[in-house]
Amino acid sequence: MRFLSVLVLFFLAQLASAQLTIEITKGVDNPTRIAVVPIGWSGSRPLDEDISKIVAANLERSGQFAPVPRSNMLSFPSSEADVFYRDWRVMGTEYLLIGNIEQRDGRYYAVYELFDVLGQRKLISGGRVDGSAEQLRDIAHHISDKVYESITGIRGAFSTQIVYVEAFQNAGRPDNYRLMLADADGARPRILLESEQPLLSPAWSPDGRSVAYVSFETTRPAVFIQNLATGQREQLTDFSGLNGAPAFSPDGQKLALVLSKDGNPEIYSLDLRSRELTRLTNHYAIDTEPSWNADGSGIVFTSNRGGKPQIYQVTLATGRVERLTFDGEYNARGRVSRDGRTLVMVHQRNGVFHIAAQDLKTGDLRILTETNLDESPTIAPNGAMLLYATRFGGKGILAAVSLDAGTRYRLPSKQGDVREPAWSPFFN
Amino acid sequence: MLESLLGRRFLIERNYLTQLLKINNFRSESIMITKVLKQGLSVAFVLAFLAGCSSTSTTDDSDAAGSGGVSTGTASGGSLGSSDGSSESQQALETIVYFDFDQAVLLPATRSLLLAHAERLRNSSDNVRLEGHADERGSREYNMALGERRANAVRDFLVLQGVNRSSLEVVSYGEERPLQTGSNESAYSKNRRVEIKY
């Protein structure tokens, strides 16, 4: 029994360090130099979160920014009156972010300003955001979003979240699968569901309120939907054979999925209100991994109808099927970017499985990753980065790459195998 | 995990038994069989006990749907114990059929094994679960479909050989439950499989 309690203690200790940590492996060649000055705070004890550090880390992770180290800063201004452009210009700083945070009645109120050092002008004046003590990280992510958008012109996705699956498969213990929810930077991981049977294929609803996924808890695969706020869950399918690969339509009304109830894996669309099921493919080969195109007019899917897995698209209005990928012997699990221009997928070349992106207009295919056994690409809602699962150091980990392949980072886990990432939509 | 662990344990013991059958006479065999089964079952109890302890003490979500996994494990252990009375030579049948990468076609080398299973199933009322698996390469849901294809191939073969279709249940686990971990061909070749579970 003592042996057992030691095991349990060990396990709990591991839980405490469950967070994914970021390791940036490649950034753009000439990242923009930005100084994120420690936020002004006059409280008696330090804030629970270092807001400026989180902002700097967010910007650095995007690959497009090189934050100036605090130790190099000549001053820590928190208001415009204390900003001397020359001090920042001599260090080669291009942008300067300052701010101040106050606490009133248990709520935190932040004000921030962004300066273009070379142009000597204010890009954000009197930006405001407030939140509870538990939302200090959210405040930091909000400021990061505004700064990123102001400088790059692209909406920031630092306030978004990810779901993923963490698996523990150790001899002598039952398997343990966890559906996890975390901030986009891997912080604040929470368990959404825990099971001894496999969990896979999580997918966000477009309103960001629920996730659908596949669970084997009934000893067979079934598609479930779970509300993130309430934890309430519902089993949507219980057909014989495959019940898998759920994907919400852009309007959130339908769920595409794979069923083999008629003897063969086919793509279906489930109307979430009427619960009416429509079969979309009809072929004796494997049809799986549906994903809606940007405007919801069609569904891309993986099929081996040509002998090897390739990505096809079915147009819903006509039922017409066309093949999208021709480069390579194995292309699977396609996802279309929100602007409808790019298809990302698992692509095999010389026996190595990479993530690749194909321009849907020109058909040009480009390999984005340098790792092996890459799978499950999921694009950030702003289309700048994608997350995917790979193996590193003998373990399953998440990694990210920008859609132009210029930036890469890893989110290694200290414990289980991490896989099946799904990047949330914007929440507002 | 518990289930597959037990499965592996019994598998090793079955292979051991096959060798014993060749060497020893019938009388000493049956003693050995009971011995080995007893050992196997005691291991099963210890593992089940461990599983019970760890799952109650580490599950912090009351919603967690863990019980399904444990009950599957114990059910398969039980059915192995109850097959005591039947002929021992059938006990020693290999229960895993292997496949090539991205293929669901039965390999010629597996034919005699499948014929033996068909023979056994024709003469019994056992319900069998055919669990299809894939190696870790490629995408997960495609592998899920591939695993089902493999299990279907085994099912169709058995049905052609006169086995009652309704006694065969097909479930695919895709690449979710590797028999052997590791990112190399040796592990991959063992993971591309269908397990015949009595």
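The following dialogue explains how to read several features of this predicted model.

Me: What conventions apply to the numbering and to the model?
Reply: Residues are numbered from 1 along each chain as its sequence is written, while chains are lettered from A and ligands numbered from 1 in the order in which they are written. The model is predicted, local features need pLDDT of at least 70 and side-chain atom pairs count only at pLDDT 80 or more, whereas totals for chains, interfaces and linings use all residues.

Me: How many helices and strands does chain A have?
Reply: Helices (H or I, at least four residues) and strands (E, at least two) are DSSP runs, numbered from the N terminus. Chain A has four helices and 31 strands.

Me: Which radius of gyration does chain A have?
Reply: The radius is taken over C-alpha atoms, and the globule rule is 2.2 Å times the number of residues to the power 0.38. For the 428 residues of chain A, a compact globule would have a value near 22 Å, and the 23 Å of chain A agrees with this. Along the principal axes, the C-alpha atoms of chain A fill a box of roughly 70 × 65 × 45 Å.

Me: What share of the residues in chain A is buried?
Reply: A residue is buried if 20 or more other C-beta atoms lie within 10 Å of its own, exposed if 12 or fewer, and partly exposed in between, with C-beta atoms placed from the backbone. In chain A, buried residues make up 48% of the 428.

Me: Which residues touch the most other members of the largest nonpolar core?
Reply: In soluble globular proteins, nonpolar side chains tend to be buried together. A nonpolar core is a set of buried Ala, Val, Leu, Ile, Met, Phe, Trp, Tyr and Cys residues joined through C-beta atoms within 7 Å. The largest one here has 95 residues, of which Leu257(A), Leu386(A) and Leu398(A) touch the most other members. Helix 6 of chain B supplies the largest share of this core, eight residues.

Me: Where does helix 6 of chain B lie, and how far does it reach?
Reply: The expected span of a helix is 1.5 Å times one less than its number of residues. Helix 6 of chain B (residues 140-160) has 21 residues and reaches 30 Å from its first C-alpha to its last, close to the expected 30 Å. Since 17 of these 21 residues are buried, helix 6 of chain B is largely enclosed by the rest of the structure. It lies across strand 1, strand 2, strand 3 and strand 4 (193-197) of chain B; contact here requires C-beta atoms, placed from the backbone, within 7 Å.

Me: In what order do the four strands of the open sheet in chain B stand?
Reply: Two strands pair if DSSP finds at least two bridges between them. The order in chain B is 1-4-2-3, with mixed pairing. Strand 1 (96-98) and strand 3 (168-174) of chain B stand at the edges with a single partner strand each, so one side of each has no neighbour in the sheet. Strand 2 (residues 128-133) and strand 3 of chain B pair in the parallel sense over six bridges, and Leu130(B) stands opposite Val170(B) in strand 3.

Me: Is strand 31 of chain A largely enclosed or left open?
Reply: Six of the seven residues of strand 31 (residues 417-423) of chain A are buried, so this strand is largely enclosed by the rest of the structure. Five bridges join it to strand 8 (residues 161-168) of chain A, and the two run antiparallel. Within this pair, Ala167(A) stands opposite Asp417(A).

Methods. Two residues are in contact if their C-beta atoms, placed from the backbone, lie within 7 Å. Axes are lines fitted to C-alpha atoms, for helices over the stretch in contact, and angles run from 0 to 180 degrees between N-to-C directions.
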